[in-house]
Amino acid sequence: MVVLKKTNPENADFTKLVALLDKDLAIRDGEDHAFYDQFNSTSILKYALVAYFEGEPAGCGAIKPIGREAMEIKRMFVRPKFRGRAIATTILRELELWTRELGYRRCVLETGKRQPEAIALYQKNGYQTIPNYGPYQGILNSVCFEKDVSSTFKTDQHEKN
């Protein structure tokens, strides 16, 4: 069973998971890593989420305001040994709900073309490709998405912990 914990970026489990994410991204991004890394500081985050599977930190995600109507999804990661259990989808849905609870209407995000699993996750969960925004404009390796989260989720799609 997955248990979700709303927290902040200073949470020790969130910090450890982000360190694992950064190691993975350094390999995937190669020489582009320094460019992307400058936009991924946890110091700019206020809202973080940790997913626990059987008591062990399994994955994380975060949101930060971007404009007046949107939250940007950041730092999405599931440890390899926990993949294939829909934990990323569970995290994503909770971040969407949190976004709505905070009064925002949309979630936006950027991911890299070298992260096909992430692209598939977002597409499967109703995200639509949008033109690259902000610092990702003109960056060929970036893919940006958005989703309107202002409507209500069906209760059978999400179990609140």
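Me: Two strands pair if DSSP finds at least two bridges between them. What makes E5 and E7 a pair in this predicted model?

Reply: DSSP must find at least two bridges, and E5 and E7 have seven, in the antiparallel sense; the two strands therefore count as paired. Within strand E7, Cys144 is the residue that Glu110 stands opposite.

Me: How do you know that E6 and E7 pair, and in which sense?

Reply: E6 and strand E7 (residues 142–148) share three bridges in the antiparallel sense. The requirement is at least two, so E6 and E7 pair. Thr129 stands opposite Phe145 of E7, and Ile130 has Cys144 of E7 as its bridge partner.

Me: Why are E1 and E6 called edge strands?

Reply: The open sheet has seven strands in the order E1-E2-E3-E4-E5-E7-E6, and the pairing is mixed. Strand E1 (2–7) and strand E6 (128–130) each pair on one side only, and are the edge strands. Neighbouring strands in this sheet are turned against each other by 30 degrees on average, direction ignored.

Me: What makes E7 largely enclosed by the rest of the structure?

Reply: Buried means under 20% relative accessible area. Of the seven residues of E7, five are buried, so the strand is largely enclosed.

Me: Which helices lie on this sheet, and at what angles?

Reply: Helix H3 (residues 87–101) lies across E1, strand E2 (47–53), strand E3 (56–66), strand E4 (70–78), strand E5 (106–112) and E7, and runs at about 160 degrees to E4. Helix H4 (residues 116–124) also packs on the sheet, where it touches E4, E5 and E7. The direction of H4 makes about 155 degrees with that of E5.

Me: How do you know that the span of H3 agrees with its number of residues?

Reply: The expected span is 1.5 Å times one less than the number of residues. For the 15 residues of H3 that gives 21 Å, and the end C-alpha atoms are 21 Å apart, so the two values agree. Just after H3, Gly103 has a positive phi of about 95 degrees.

Me: Why is Thr89 called buried?

Reply: Its relative accessibility is 8%, and the cut-off is under 20%, so Thr89 counts as buried. Thr89 lies in helix H3, where the buried residues also include Ile91, Leu92, Leu95 and Trp98.

Me: What is Thr89 in contact with, leaving aside its neighbours within four places in sequence?

Reply: Contact means heavy atoms within 4.5 Å. With those neighbours left aside, Thr89 is in contact with Leu121, Lys124 and Asn125.

Key
Residues numbered from 1 in each chain as written. Predicted model: local features only at pLDDT ≥ 70, side-chain atom pairs only at ≥ 80, totals over all residues. Heavy atoms only, no water. Helix = DSSP H or I, 4+ residues; strand = E, 2+ residues; numbered from the N terminus. Axes fitted to C-alpha atoms, helices over the stretch in contact; angles between N-to-C directions. Buried < 20%, exposed > 50% of the residue type's maximum accessible area, 1.4 Å probe, protein only.
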